[in-house]
Amino acid sequence: MELKKNDVFTVRIEDISEDGAGIGKTDGYTWFIKDTVIGDLVEAGVMKMKKTYGFARLIQVKEPSPSRTEPRCPVARSCGGCQLQAMKYEEQLRFKERKIYNNLRRIGGLTRLVLPGEKRSDGADIDCCYGSGSGDGCEEQKHIKDQACASNERFLEMEPIIGMENPWRYRNKAQFPFGKDKNGRIIFGFYAGRTHAIIENEDCLLGVEENKEILNLIRDYMEEFHIAPYDEQSHTGLVRHALIRKGFRTGELMVCLVINGKKLPHGDALVERMKRVTGMTSISYNINMEKTNVILGQEVVNLCGPGYITDYIGDVKYQISPQSFYQVNPVQTEKLYKTALEYAGLTGEETVWDLYCGIGTISLFLAQKAKKVYGVEIVPAAIADARQNAEINGIENVEFFVGKAEEVLPEQYHKNQVYADVIVVDPPRKGCDTVCLDTIVEMAPKKVVYVSCDSATLARDVKYLGERGYEVSRVRGVDQFGGGVHVETVALLVKKR
Ligand code: SAH
């Protein structure tokens, strides 16, 4: 079957890519088809073809997979924010577990890893029954058993992923762009995947319910006072974005209007409207007059309230201003940090280094159970927040350094002979620098707790540390992004004797 652009064909979805696109095959040729689910039989239209693979667009689902569910959001496909909305949440969790598992095995070389609950049919643990001729499971699993048995290694069973109780309305922060539709009407919503066309959406189902009320009040205010939304092409108009944040524990709300100007006209009228919203605590605007994709400018002008909202992760209190970095899913973040804390196994006597510490969230969490915590972070403003957060919580056994982990840690180690019982790392997607990993190995902590937002780079770093005396002893995924493809992973590495 020779296919070319715009041709329509039927294919069964057999697999799913790292970024959530369904994968199907026709005559050995691979197709990536977004918005499909493993098990679907779909009709698709050819968009683009390369030598060995191509991209096609879902036209219709002919036979839905048992894993399929009706996306709740009416703009799920055009918005592009959620890649997995058509997949049942339980299946999303399985997808994420498999993603971590595959990366750790293929890239990390962790051949003894098995998926959570991987048991034989007679109920015995997989690692104590090899050779009894069970004959169950796939060839790959058997192969893993063989390898592990040959090297006399024990199996490592992943701990079950920590999912969300409710995978909707979990985001505490949203940034809505404003613009006009064809008829000149003021609209707001989200940028369509990879473009800057605004998909109108007043109620993203990942965000808080108050967003809708706040956005409509802003639109009323703009209409009444003839305030134009910003137009990217001509760099004219005033209102660029509305940034809305909510403290889930406190119920406090913040609105910050990002404007292409120095002054917001009729600010008092905006304040008067915003105050009608229950929980409204902080109202401000941010000046951004640059031609840029960056949402926030440097300067914030406070219109009403203290300039920040308060929230808690665990028992630690945070003051969050419009510009502060803060975790977007505080409920799951708490579970993530609890897992990291559990893996660290602190007794109160330990010295801990928290590398890539951001505003010190993990550091302050650990400090409650450690003798001393040192945090390292590259962004000076984040460290200023971290120090302030330590202060408002009366936490005194923490110290923060501004700089690159791969520079601060070697310097402190070689000059001041600093010591660590446990080192926690939570790097950005690209993972840890090798200089940082080499220094960790030299410092020889008993444990390394690796918190990762990208299991591929986690796997690469685990392999590197594995070749230098550290062995993975626990692994667990924590889902922070229901509907999306990303997943957080926590791994405990212990120093081999
Ligand atoms: N642990 C924090 C933040 C993790 S995000 C939390 O849980 O909130 C990763 C952080 O690493 C970001 O704050 C980023 O600014 C910082 N970062 C990036 N590269 C770095 C480097 N080379 N050295 C130190 N910090 C770095």
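What follows is a walk through this predicted model, from the whole chain down to a handful of residues.

A word on ground rules. Numbering starts from 1 along each chain as its sequence is written, and side-chain values use heavy atoms, with hydrogens and water left out. Because the model is predicted, local features need pLDDT of at least 70 and side-chain atom pairs count only at pLDDT 80 or more, while totals for chains, interfaces and linings use all residues.

Let's start with the whole thing. The protein has 11 helices and 24 strands; both are DSSP runs numbered from the N terminus, helices being H or I of at least four residues and strands being E of at least two. Its radius of gyration is 25 Å, close to the 23 Å that the globule rule gives for 497 residues, so the protein is as compact as a globular protein of that length. (That radius is taken over C-alpha atoms, and the rule is 2.2 Å times the number of residues to the power 0.38.) Along the principal axes, the C-alpha trace spans about 80 × 70 × 40 Å.

How much of the protein is buried? Of the 497 residues, 53% count as buried, where buried means under 20% relative accessible area, exposed means over 50%, and partly exposed is in between, with a 1.4 Å probe and protein chains only. The protein exposes about 23,200 Å², and carbon and sulfur atoms supply 49% of that; the areas come from the Shrake-Rupley method with a 1.4 Å probe, and for residues only the protein chains shown count as cover. As for contacts (heavy atoms within 4.5 Å), take those with a separation of 6 or more: residues 24 or more positions apart account for 64% of them. On the charge side, the mean positions of the 66 positive and 70 negative charges are 2 Å apart. Lys and Arg count as positive, Asp and Glu as negative, and His and the chain ends are not counted; each charge is placed at NZ of Lys, CZ of Arg, CG of Asp or CD of Glu.

Asp 27 sits in the loop between β2 (22–26) and β3 (29–33), and it has a positive phi of about 50 degrees although it is not a glycine. With 64% relative accessibility, Asp 27 counts as exposed. Asp 35, in the loop between β3 and β4 (41–49), also has a positive phi, near 65 degrees, and is likewise not a glycine. Val 37 is in the loop between β3 and β4 too. Is Val 37 buried or exposed? At 3% relative accessibility, it counts as buried. Not counting residues up to four places away in sequence, Val 37 touches Ile 13, Ser 65, Ser 67, Arg 68, Ala 86 and Met 87.

Further along, head for His 235, in the loop between α4 (210–224) and β12 (239–246). This residue is partly exposed, with a relative accessible area of 21%. The side chains of His 235 and Tyr 230 are joined by a polar contact of 2.5 Å. Such a contact is a pair of N or O atoms within 3.5 Å; within protein, one must be able to donate a hydrogen and the other to accept it, and residues adjacent in sequence count only if both atoms are side-chain atoms. Beyond four places in sequence, the contacts of His 235 include Arg 240, Asn 260 and Lys 291.

Next comes Pro 322, in the loop between β17 (316–320) and α6 (330–344). Pro 322 counts as buried at 5% relative accessibility. Leaving out residues up to four places away, it touches a set of residues including Leu 243, Cys 256, Leu 296 and Gly 307.

Ser 363 is found in α7 (residues 361–367) and counts as buried at 0% relative accessibility. Outside four places in sequence, Ser 363 is in contact with Asp 354, Cys 357, Val 373, Gly 375, Val 398 and Phe 400. Tyr 464 lies in α11 (residues 455–466), and, with neighbours within four places set aside, Tyr 464 is in contact with Thr 434, Leu 437 and Asp 438.
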